[in-house]
Amino acid sequence: MTIRELFDRVRALPGASADEDMMLMWLNDCEGVIFHEILETREGFEDGFDGYSDEDLEVELLAADPYSVLYVYYVVAQTYLSFADIERYNNFLALYRDAYDEFAGFWARNHRQKLDAEVKL
């Protein structure tokens, strides 16, 4: 999924739209967590992550399909939080956490731990 596709999917949900700058900020937060907690500690991903800008709308996100839905859940959750709609925020955050855990499990099963990786406790 590209950033543009993510934004389009979020906008298609009723009551869950935000401006692109906010969605990009939330996406960068989400990608940073995925990079540092999942990808950086295992073999198979050697690129870094410095964040996205509004010029990167056609860039593919780090978690590929079928796991990319986690981005939709995260951005929608943050949108509802910004509206102080805590019930919907909690629902989408739970969906995000489940999707995140699925992706983390997939990556761990298919990529060995880096020998020089720092273990986080």
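Modeller: Angles under 35 degrees count as roughly parallel, over 145 as roughly antiparallel, 65 to 115 as roughly perpendicular, and the rest as oblique. The model discussed here is predicted.

Colleague: Which residues make the contact of α2 with α3?

Modeller: From α2 come M23, W26, L27, D29, C30, E31 and I34. From α3 come L70, Y71, Y74, V75, Q78, T79 and S82. By class, nine of these residues are nonpolar, three polar and two charged.

Colleague: Why is α3 called roughly antiparallel to α4?

Modeller: Helix α3 (residues 69-82) and helix α4 (residues 86-110) have axes that cross at roughly 155 degrees. Angles over 145 degrees count as roughly antiparallel, so α3 is roughly antiparallel to α4. These two axes come within 8 Å, and α3 passes α4 in a left-handed crossing.

Colleague: What makes the contact of α3 with α4?

Modeller: On the α3 side are V69, L70, Y73, Y74, V76, A77, Q78, Y80 and L81. On the α4 side are I86, R88, Y89, F92, L93, L95, Y96, A99, Y100 and F103. The class count is 17 nonpolar, one polar and one charged.

Colleague: How is the pair α1 and α2 arranged, and what is the crossing angle?

Modeller: The axes of helix α1 (residues 3-12) and helix α2 (residues 20-39) cross at roughly 115 degrees and come within 11 Å. The crossing of α1 past α2 is right-handed. I3, L6, F7, V10 and R11 of α1 meet E20, M23, L24 and L27 of α2. That contact has seven nonpolar, no polar and two charged residues.

Colleague: What is known about the largest nonpolar core?

Modeller: The largest nonpolar core has 39 residues. L6, L70, Y71 and F103 have the most contacts inside this core. The elements giving two or more residues are α1, α2, α3 and α4, and α2 gives the most, with nine.

Colleague: Which residues does L6 contact, leaving aside neighbours within four places in sequence?

Modeller: L6 is in contact with M1, L27, L61, Y71, V72 and V75. Among them, Y71 is also listed with L6 for the most contacts inside the core.

Colleague: Why is T79 called buried?

Modeller: T79 has a relative accessible area of 0%. Buried means under 20%, so T79 is buried. T79 sits in helix α3 and, not counting residues up to four places away in sequence, touches A16, S17, A18 and W26. W26 is one of the α2 residues in the contact with α3, and T79 is one of the α3 residues there.

Colleague: Why is A84 called exposed?

Modeller: The relative accessible area of A84 is 59%. The cut-off for exposed is over 50%, so A84 is exposed. A84 lies in the loop between α3 and α4. Although A84 is not a glycine, its phi is positive, at about 60 degrees.

Colleague: Where is P66, and what kind of peptide bond joins D65 and P66?

Modeller: P66 is in the loop between α2 and α3. The bond joining D65 and P66 is cis, with omega about 5 degrees.

Colleague: Why is E43 called partly exposed?

Modeller: E43 has a relative accessible area of 32%. Partly exposed covers values between the 20% limit for buried and the 50% limit for exposed, so E43 is partly exposed. E43 is found in the loop between α2 and α3. In sequence E43 and R112 are 69 residues apart, but C-alpha to C-alpha they are 5.5 Å apart in space.

Colleague: Why is Q113 called partly exposed?

Modeller: Q113 has a relative accessible area of 34%. That value falls between 20% and 50%, so Q113 is partly exposed. Q113 is in the segment after α4. The C-alpha atoms of Q113 and I38 are separated by 10.0 Å, and these residues are 75 apart along the chain.

Definitions and conventions: Residues are numbered from 1 along each chain as its sequence is written. This is a predicted model: local features need pLDDT of at least 70, side-chain atom pairs count only at pLDDT 80 or more; totals for chains, interfaces and linings use all residues. Side-chain values use heavy atoms; hydrogens and water are left out. Axes are lines fitted to C-alpha atoms, for helices over the stretch in contact, and angles run from 0 to 180 degrees between N-to-C directions. Helices (H or I, at least four residues) and strands (E, at least two) are DSSP runs, numbered from the N terminus. A crossing is left-handed if the near helix is turned anticlockwise from the far one by less than a right angle, and right-handed if clockwise. Contact means heavy atoms within 4.5 Å. Ala, Val, Leu, Ile, Met, Phe, Trp, Tyr, Cys and Pro count as nonpolar, Asp, Glu, Lys and Arg as charged, and the others, Gly among them, as polar. Buried means under 20% relative accessible area, exposed over 50%, partly exposed in between (1.4 Å probe, protein chains only). A nonpolar core is a set of buried Ala, Val, Leu, Ile, Met, Phe, Trp, Tyr and Cys residues joined through side-chain atoms within 4.5 Å.
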